Amino acid sequence: MTALSNPSPFEAALEDAFAARSKTNEAQAAAFDRFASLRLPNRRVEGWKWTDVNAALRSVTPGEASKPELIAPSPFAALGALEFRIINGKVSLPDEPMPEGLRYGIMDPVATIPELERHPIATLNVAMTRKALGLEVLEGSDIERPILIRHIVSGAGFSFAQTMMRISPGAKVQVIETYEGEGAGFYSHLCHMVVRDGGECRRVMLQDCSGDSVVNGICAVKTDKEARYEQTSLSTGARLCRHETHAHFWAPSSSAAINSAALLSGERHTDFTSEVKHMAPDCTVRQLHKGVARDRSRNVFQGKFHVLREAQKTDAKMTANALLLSDGAEANHKPELEIYADDVECAHGSTVGALDDDALFYLRQRGLSEAQARALLVEAFVGEVTESIENEALRAIFEARVSEWLEQA
Amino acid sequence: MLKIDDLHVAVGGNEILKGLSLDVPKGEVHAIMGPNGSGKSTLSYTVAGRAGYDATAGGVTLDGESMLDLDPDERAAKGLFLSFQHPMEIPGVQTMNFIRTAMNAQRKARGEDEVSAADFIRLIRDKAKLVGLDDAKLKRQFNVGFSGGEKKRMEMLQMAMFEPRFAIMDETDSGLDIDALKMVGDVVNALRGPDRGFLVITHYQRLLDYIKPDAVHVLAGGRIVKSGGPELGAELEKSGYEQFIEAA
């Protein structure tokens, strides 16, 4: 194991924790060595200039995270979801029979994700995760019950988790993931997903951690022929949160929708970063990001479409809009296209603005108070993202969360 | 009813209204005509309470109550309605939801009961028929993708729904065909009554063929420069505004 030179207190604690572990394997040792050269990302590292994780972790007390005392029921339980819990990185399986068409279990963490080998936190996650949750939707199965994965963090310290999902050919599934909990800890989650031929994964995420935590969720997804991946994320909590999506279109005619919304207040910082790599022809992606920032918060969006030469007839559209509700709020957007194929349709657009005075006056002339008018316009702005959730009951929970956030204003 | 007394209004430091006085008694419809840039929209925005339209002198009262210190929504709750010259498209806002929220906000401010969902739907369907908007339009996002004429119909729909005490109609006729003009006339004439007043701002006489005004005023250079009976509108149509621009 390579020693870190001049480590930060947080890095030193990671090093100690790793050294103290008895059950690490060679792949994990190699990953930790890679991390030792990569280090915790700071703003001088490309791709992290707006999101300085190293600085944010200075206020996190290092060490292994403690266990939460009480876990409240999830609002998503009402949808009849099959509930998995990952509490400070420790996986617990549902206490009920396995539904037909689904297999799951606790397994060893992934040895490496080649495309993320130079990713500092993904690499750290590979080194540090003890056990992963593995899920497989069997060929042709349409799982009626949503799969709920609750990532629950508590106390100070760090914790790491992995989920591995395989959606077999022709299978369909709805996945709900929540990041929740109290405390000023650091949580890293790495999701590795494959959607095989004709399979379909609809995934929604709600990040609602307490305002002291630092959270990073990374999803690496590969889609095969005619596969479909839909992701809708709503991020309202944590002091600093970075959601990353790395989607690879491996085979022709697959498609993805990547939608996200961030609702930010106080000094919160949310970063949605994504890269969609088109490696095969006829693939389609639609991406929409909406950020609402008030007080002194910051909305970061970095989106990249990378279209290789063989990916002809790619159809890719990216839109990122931010709404700044206070003078001190900030938005940083970096939409990026890197295209090597000549017969493609790729577009991106990005806007940052305040609420429209004309619209506000119009609504108030009709009788809405200033607070009502502002709330209605913000709801409408974010609504484009929540609308992308097809399941009505599921969408209602997301919409309720948006309303709740607006009422806290 | 609506009394405007020696009103001076500055927008961005420029004085636009320079001592405008006007009195629309209960039960009457008055028309304001005037050339471009004479201050017609400034007048409607100021009376409705838009930020940035500051009265530097003078007053506006509705049934004796001063309006100028009230927020726009408070004025709306008092029964003041503005039909916008350029109605907004508001993406993401569901039309029915918005109109019902607005209606209930006004009612709540007046201490009245909220309208029930069933009563509201009945009412809006009824009024939509009156203004010639089909149900499908009500289910859309507010004014999104509507033609100019449809947006004006949406203004008239809201006016018919809210039944305001006093309505200012800012160039509601611009961009309307004959059928739509007639519809506007029908809505106004249906609402006309002893306790209600209207101020109709227009460039042209033709709307006044459908809404017979009790009085016509000419606004030029930020002041009312001439007032008369309904015949004044027809007169202006022939002679134009030039004489008043010079006079102002």
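Ala238(A) is found in the loop between β11 (228–235) and β12 (240–249) of chain A, where helices (H or I, at least four residues) and strands (E, at least two) are DSSP runs numbered from the N terminus. The structure is a predicted model, in which local features need pLDDT of at least 70, side-chain atom pairs count only at pLDDT 80 or more, and totals for chains, interfaces and linings use all residues. Residues are numbered from 1 along each chain as its sequence is written, while chains are lettered from A and ligands numbered from 1 in the order in which they are written.

Most residues other than glycine have a negative phi. Ala238(A) has a positive phi of about 70° although it is not a glycine. This alanine, Ala238(A), counts as buried because it has 26 C-beta neighbours inside 10 Å; a residue is buried if 20 or more other C-beta atoms, placed from the backbone, lie within 10 Å of its own, exposed if 12 or fewer, and partly exposed in between. Asp282(A), too, has a positive phi, near 65°, and is not a glycine. Asp282(A) sits in the loop between β14 (269–278) and β15 (284–293) of chain A. With 18 C-beta neighbours inside 10 Å, Asp282(A) counts as partly exposed.

The C-alpha atoms of chain A fill a box of roughly 70 × 45 × 45 Å along the principal axes, and 52% of the 409 residues count as buried.

Chain B has ten helices and twelve strands. Its radius of gyration is 18 Å, close to the 18 Å that the globule rule gives for 248 residues, so chain B is as compact as a globular protein of that length. Buried residues make up 44% of the 248 residues in chain B. Confidence is given by pLDDT, the predictor's score for each residue from 0 to 100. The mean pLDDT of chain B is 93, and 98% of its residues reach 70 or more. Within chain B, confidence is lowest in helix α10 (residues 242–247), at a mean of 68, and highest in strand β6 (residues 80–83), at 98. Where pLDDT is low, the predicted coordinates should not be read in detail.

How do the two chains meet, and which residues of chain B are involved? In total, 20 residues of chain B are in contact with 16 residues of chain A, two residues being in contact if their C-beta atoms, placed from the backbone, lie within 7 Å. On chain B, the elements giving two or more residues to this side are α2 (72–77), β7 (90–94) and α3 (95–109). Of these, α3(B) gives the most, with five residues. By class, the side of chain B that touches chain A has 13 nonpolar, four polar and three charged residues; Ala, Val, Leu, Ile, Met, Phe, Trp, Tyr, Cys and Pro count as nonpolar, Asp, Glu, Lys and Arg as charged, and the others, Gly among them, as polar. For the complex, the predictor gives an ipTM of 0.96 and a pTM of 0.91.

Note on methods:
Rg over C-alpha atoms; globule rule 2.2 N^0.38 Å.
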